[in-house]
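Student: Could you take me closely through one part of this model, the edge of a sheet, and then show me how the rest is arranged around it? I am new to this structure, so please go slowly and connect each step to the one before.

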Amino acid sequence: MSQLCVYLPPFSSDYSGVCTCLFDLNGMVVIHDASCCCANYVSYDEPRWFGNKRPIYCSALREIDAILGDDEKFIRKVISACDSMKPEFIAVLGSPVPTIIGSDMNGIAQEIEGKTGVPTFGFSTTGFRYYNRGVAEAMVKFAKYYGGKSSQQNPGGVNILGLTVLDFSDNSNAADIRNLFEGNGFEVICSFMMGCNLMDIQRSTQAEVNIVVSQSGMALAAFMEKEWGIPYVAATPLGNEGSEAVVRTVRQVCEDHKSRVLHGEGLHDGEVLILGEQMIANSLRNSLAQSYGIKGVTVGCLFGMDKALAQDFDIDIRDERHIRDLITSGKYSKLVADPLMKVMLKDRDISFFPLPHVAVSSKLYWHRYKTFIGDKMEAFLAQIAGIPM
Amino acid sequence: MKKIAIYGKGGIGKSTITANLSAALSKKGYKVMQIGCDPKSDSTKALMHGVKIPTVLDQIKKNGKKVTLKEIVFEGYNGVLCAEAGGPTPGIGCAGRGIITAFEKLEELGAYEILKPDLVFYDVLGDVVCGGFAMPIRNGYADQVFIVTSGEMMAMYAASNIVAAIEGFGKRGYAKYCGLILNSRDIENEYELVSKLARETKGQIIGVIPRNISVQNAERLNQTVVEAFPDSEMAICYRDLADKVMEV
């Protein structure tokens with residue numbers, strides 16, 4: 001029962017992570033499910049769904065299909081849709097039922113590709129893992145397949161890794177991040193995976209540096225460094241000074257080709273608790289430390305903790321009860337988190353600073369999302385620091 | 001790394017043959033790993049000298065996410081690495097899903113990269129009854145499948161079904177069917193019957209294991225024949241079969 005969620009909904013899961021990554025590409029995405037997972041993605045995890053038309057299908061898996069393991073029916077449906085849609089690629093995604101009955105999504109993908117000649121990607125998504133796992137897998141799979149076809153390097157060329165609506169919503173954040181680097185003389189070759197196309201992914205191997213803006217981009221950063229020798233900077237540009245710090249670091253990495261994770265200095269546990277996506281939370285902490293002298297900031301990672309990004313005292317959040325225990329520990333006087341968590345404070349003397357996150361509260365606050373770069377975020381940081389603006 | 005799945009009807013002698021192959025190949029200098037894929041969890045019993053090792057699923061149940069490789073892979077006779085996937089409580093749960101979970105755990109812990117076996121044997125139960133029992137022949141696991149059969153009708157029927165399942169998965173790049181191992185039950189015209197099955201399944205008999213009391217004697221000692229009676233005819237027979245398996 002310790003894992004029971006009383007205040008929070010289930011966070012976005014891996015199939016939503018894959019879908020959101022592939023949204024901007026000209027492919028056909030099929031979730032092998034009974035309709036609920038697909039409905040969950042389009043209704044709650046994809047701010048761009050409304051007002052856009054994208055070929056995202058569900059297989060309408062039924063009990064008898066699961067009992068009989070009728071993959072053929074699924075394959076026939078996908079091929080039929082492919083004949084009319086003429087997609088550049090097909091992606092077939094698992095969900096809880098295919099996971100339980102052991103459907104081999106990679107094997108199914110191979111069979112579809114053999115019959116259609118269209119590149120087909122299988123994702124063993126389960127619905128039991130967080131969205132960032134799906135984002136990471138989709139980015140690596142597409143970079144592996146489409147990347148590596150170019151040998152020339154583009155000086156000043158950068159990729160942005162880990163940019164998705166589940167972390168950055170559908171406001172100006174994605175464009176602001178691209179504009180930040182282009183305004184500073186860089187060419188953004190590919191922004192994985194918002195506002196990019198297959199050609200951009202193909203050209204991504206020309207980049208001089210990768211900029212990882214969320215934890216889900218770390219797997220692709222490590223892969224591209226190993227495969228194509230592209231170093232990376234791991235930090236989300238936030239506010240004014242924080243964004244400039246990232247740009248400066250990217251310039252430095254262009255010079256010495258050494259990967260860097262931006263960490264603040266002299267940090268310690270306590271005072272401020274930030275609950276959320278690890279990279280964004282880290283970057284908030286860096287800005288609070290560097291611009292406002294707030295050094296006691298702990299990051300609570302809601303979607304798994306990457307040790308390479310963490311301070312010793314950071315926390316890998318297990319479940320909702322773990323959050324409640326942290327709130328009642330008396331250790332923190334300020335909490336930065338999705339607005340849904342405010343109710344968990346009850347009458348505790350803790351100041352709350354709302355930071356909406358699509359992967360947590362879905363569409364409840366996605367139009368009230370923070371603008372990550374610029375004055376508004378700077379004002380938010382100052383508010384946390386208790387400095388009147 | 002060569003990865004081989006051994007299939008066949010329940011009780012046909014898969015585990016005995018697989019354990020003897022593992023023992024014989026380990027003596028030839030190969031680093032061998034044997035993974036039992038049967039809820040009964042007795043594939044590696046002879047290699048472990050009768051010691052029942054904790055299964056992957058037992059350890060996941062006990063320790064959750066904190067399972068380590070040392071808790072699920074054990075060194076048996078002559079350094080053969082032994083693991084048992086395990087299964088649910090009889091009568092409930094899902095054995096097929098159990099195999100998948102066990103395989104995913106071995107992969108997650110980097111078993112193949114860390115232990116670096118030259119050879120992996122997957123000793124799989126009875127028949128390809130559901131998705132879980134096809135896991136060992138999926139892309140990335142076994143490359144080759146050998147099927148153990150006798151000349152008995154039910155054993156050959158099961159073998160034929162297994163071949164059909166493997167062929168059905170051909171479009172997905174799964175493991176290839178590489179032949180039959182005849183575990184003799186001394187029935188009339190046994191070799192001819194199994195030869196006919198081999199022709200019908202476009203396969204071959206890659207080895208014949210005669211019926212011999214030394215198998216039961218070794219079993220009583222909780223050892224493989226290769227270990228217990230290394231100079232016996234049966235040990236020679238298993239070593240020959242091991243050579244043929246490596247040649248295919």
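This is a predicted model: local features need pLDDT of at least 70, side-chain atom pairs count only at pLDDT 80 or more; totals for chains, interfaces and linings use all residues.

**From a sheet edge to the whole model**

Tutor: Phe74(B) has Cys82(B), which belongs to E4(B), as its bridge partner. The strands concerned are E3(B) and E4 (residues 81-84) of chain B, which run antiparallel and are joined by two bridges. In general, strands of a sheet pair through backbone hydrogen bonds, and they do so either parallel or antiparallel.

Stepping back, we find that the sheet is an open one of eight strands with mixed pairing, and that its order in chain B reads E3-E4-E2-E5-E1-E6-E7-E8. At its edges stand strand E3 (74-75) and strand E8 (205-209) of chain B, each of which pairs on one side only.

Around this sheet, chain B as a whole has 10 helices and eight strands. Its radius of gyration is 17 Å, which agrees with the value near 18 Å that a compact globule of 248 residues would have, and its C-alpha trace spans about 55 × 40 × 35 Å along the principal axes. Of the residues of chain B, 52% count as buried. If we take the contacts in chain B between residues at least 6 apart in sequence, 76% of them join residues at least 24 apart.

In soluble globular proteins, nonpolar side chains tend to be buried together. The largest nonpolar core here has 115 residues, and those that touch the most other members are Ala91(A), Val92(A), Leu93(A), Met139(A), Val158(A), Val212(A) and Val233(A). Helix H7 (residues 131-146) of chain A gives the most to this core, with eight residues. Apart from it lies another core of 84 residues, among them Met135(B), Ala142(B), Val148(B) and Ala228(B).

The domain assignment divides chain A into domain 1 (14-129), domain 2 (157-261) and domain 3 (268-385). The centres of domain 1 and domain 2 of chain A are 28 Å apart, taken over C-alpha atoms, and 11 residues of domain 1 are in contact with 11 residues of domain 2. To the domain 1 side of this contact, helix H1 (residues 14-22) of chain A gives the most, with four residues, and the residues of that side comprise five charged, three polar and three nonpolar. H1(A) is largely enclosed by the rest of the structure, because nine of its nine residues are buried; among them are Asp14(A), Tyr15(A), Val18(A) and Leu22(A).

Taken whole, chain A has 16 helices and 14 strands. Its radius of gyration is 21 Å, close to the 21 Å that the globule rule gives for 389 residues, so chain A is as compact as a globular protein of that length. The C-alpha trace of chain A spans about 60 × 55 × 35 Å along its principal axes, and buried residues make up 51% of the chain. Among its contacts between residues at least 6 apart in sequence, 71% join residues at least 24 apart.

Key. Residues are numbered from 1 along each chain as its sequence is written. Chains are lettered from A and ligands numbered from 1 in the order in which they are written. Domain bounds come from an automatic or database domain assignment. Two residues are in contact if their C-beta atoms, placed from the backbone, lie within 7 Å. Ala, Val, Leu, Ile, Met, Phe, Trp, Tyr, Cys and Pro count as nonpolar, Asp, Glu, Lys and Arg as charged, and the others, Gly among them, as polar. A residue is buried if 20 or more other C-beta atoms lie within 10 Å of its own, exposed if 12 or fewer, and partly exposed in between; C-beta atoms are placed from the backbone. The radius of gyration is taken over C-alpha atoms; the globule rule is 2.2 Å times the number of residues to the power 0.38. A nonpolar core is a set of buried Ala, Val, Leu, Ile, Met, Phe, Trp, Tyr and Cys residues joined through C-beta atoms within 7 Å. Two strands pair if DSSP finds at least two bridges between them.
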